[in-house]
Amino acid sequence: MGFGRILHARDAVELAGLLAAADPAERIAVIDAGFVGHRHALRLALTDPRFPAGAVPGALAVNGTAAREALVAAAHGLTGHEPNLPDALAGAVQRGGIPVQRPELGTLVATVPATADELAAARAAVAEVDEEAVRLRRAVKARDGFFTTYCVSPYSRYIARWCARRGLTPNQVTTASLVTALAAAASAATATRPGFVAAGLLLVLSFVLDCTDGQLARYSLQYSTVGAWLDATFDRAKEYSFYAGLAIAATRTGDHVWALALAAMVLMTFRHSVDFAFMAADQETARNPTTAGSKVEAANSSPTAQLSNRLDRVGWTVWARRIIVLPIGERWALIALLTALTTPRTTLTVLLIGCALACCYTTAGRVLRSVNRRRPRTDQAAREVAVLADGGPLAELLAPVLRPVARRLPGLAVPVLAALAAAGLPVAVYLLGGTWASVGAAAGYVLLSSLVLARKPNGALDWLAPAFFRAGEYLTVLALALRLDTASLPAAFGLVAAVAYHHYDTVYRLRGGTGAPARWLVRATGGQEGRALLVTLFAALVYGGAPTGAVGHEGPGAAALQGGLVALAAVLALVVVAESIHFWVFGDATAEHDESGDTA
């Protein structure tokens, strides 16, 4: 399991001396000499890097300076007469303030027999269990989509084992998944039927590898901070690059679907923003789930949540509801099938319809849960929702002036004003883009969004505001390109992709418990209200406030608009990606993998 030395101690006193003399860089585990159990039970306790300490009966491991110091102190504090020293140490470390992870063993065995009869029984129990089968089963996420569960995981777990036995890492598999998806996008861009078929097959293969990397991490406990970030980030990059490949293919055949591709990306980011903001607002439930049907749940959960839990206890409704939300497995399978058999326009249109229905279903459920919620939002939840809203320097500057007004607003003012701002600006830009009137509309958007952000977002539906702001900013860019020059839609796609990366990166930091991005980064990128004003003002400047020609017609200023959008996309991408890489690779973020089963 990667430990460099095995030493023997007769009691706590001798153990304390060995601990004090050990190299600080060494991993330390304490195992009772009489331990009987499965190797994987030990592996779960001793090698998982996500936790500062882990234990099973008869074994304890620590990770990090604080946990090691707590272990040394615990060893010095014991009398030396404890019958099971690792268990006594685990309890002392826990009392010393270090949380000790105790993995669920299920059918796996871990014990320290005290008598010959107990020893025989333990050995018999070990022999009865197929440890490798348990390990393979646990490599699969406990809660996943229908397509993933029945069409991928039955064989991808064996691919994960094959990779583990050949020394491959989850990060290498994640990278292979990205390369395969990019090859799929390139195949789709050929605009030929063989290319479309190959694109569909490669996209499915990419998803299989995407499942394999997580299963490999769970199979071999190779969790890492960089791996968690790559896994989450690459999923978005793979899907959105495939949208671009479809748009390029359509352009080569005389069809123009860049607007559909951009709309699909906007819809997906809006949907994810709804999911992420709701989880941030409801984080105390997500992190401390109550037992379904319990008195605690009945006292604290909404009637909608209780109904959902009851439905989850009926077999067929579980899968029906997971399919309806069109999770990543079902979504990619649908995209692959439609790409192979139809046209890019048909693929993107069906995708938009399906994702819109799924978004309506999930959002309605979350709204009902929130309206009927019986517990108040925590301050931490409100802070995370505010971070997701991505208010920039303009909102920060206006907040002190607007805060007295914001505090007097009624309870539903935050989501209502955010929705009005998000709907109003794209409509105004589509009707008036390139004019000074559209700049006035953008200034109104800045004022409304700043008013929303000046208030603490702890209301029942305040978590909707970040998703509305995502839609408002992204749709403004789409409307600007549609209004002034449809040839600038690829540049608009790139700009929205760069901003979306920043927003997803913010989500992953919050979910990993590492906190919000540095304030300087949010200010440097302008915040969502600043970017909306900037692109609207830039369009008015390059068109002189008076664009001519039909809607979407390439006129004077079109080249400048395209160049400006490309330049802004490049600058934003350079800043946010460089800062993100520095944070995740060289920062002190913890290894955090999504085990919730949320199928994005």
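Phe-146 and Tyr-150 are separated by about one helical turn, because the two lie 4 residues apart in helix α7 (residues 146-165); helices here are DSSP runs of H or I with at least four residues, strands are runs of E with at least two, and both are numbered from the N terminus. The model is a predicted one, in which local features need pLDDT of at least 70 and side-chain atom pairs count only at pLDDT 80 or more, while totals for chains, interfaces and linings use all residues. Residues are numbered from 1 along each chain as its sequence is written, and side-chain values use heavy atoms, with hydrogens and water left out.

The structure holds 15 aromatic pairs, a pair being two rings of Phe, Tyr or Trp (its six-membered ring) with centres within 6.5 Å, called stacked when the planes are under 30 degrees apart, edge-to-face when over 60 and tilted otherwise. Two of these pairs are set out below.

| Pair | Centre to centre | Angle between planes | Class |
|---|---|---|---|
| Phe-146 and Tyr-150 | 5.0 Å | 45° | tilted |
| Phe-583 and Trp-584 | 5.1 Å | 90° | edge-to-face |

For accessibility, buried means under 20% relative accessible area, exposed over 50% and partly exposed in between, with a 1.4 Å probe and protein chains only. Phe-146, at 32%, is partly exposed, and Tyr-150, at 48%, is partly exposed, whereas Phe-583 is buried at 16% and Trp-584 is buried at 6%.

One aromatic cluster is formed by Tyr-240, Tyr-243, Phe-276, Tyr-504 and Tyr-508. Over the face of Tyr-504 lies Arg-236, 5.6 Å from the ring centre, and Arg-27 is placed over the face of Phe-3 at 4.1 Å; such a placement requires NZ of Lys or CZ of Arg within 6 Å of the ring centre and within 35 degrees of the ring normal.

Turning to the strands, β4 (residues 59-62) directs Ala-59 and Ala-61 one way and Leu-60 and Val-62 the other, all of them buried. In a regular strand the side chains alternate between the two faces of the sheet. Strand β4 pairs in the antiparallel sense with β1 (residues 28-31) over 4 bridges, and also in the antiparallel sense with β3 (residues 53-56) over 4 bridges, where pairing calls for at least two DSSP bridges between the strands. Val-30 stands opposite Leu-60 of β4, while Val-56 has Ala-59 as its bridge partner. The hairpin of β3 and β4 has 2 residues between the strands, and Gly-58 there takes a positive phi near 90°.
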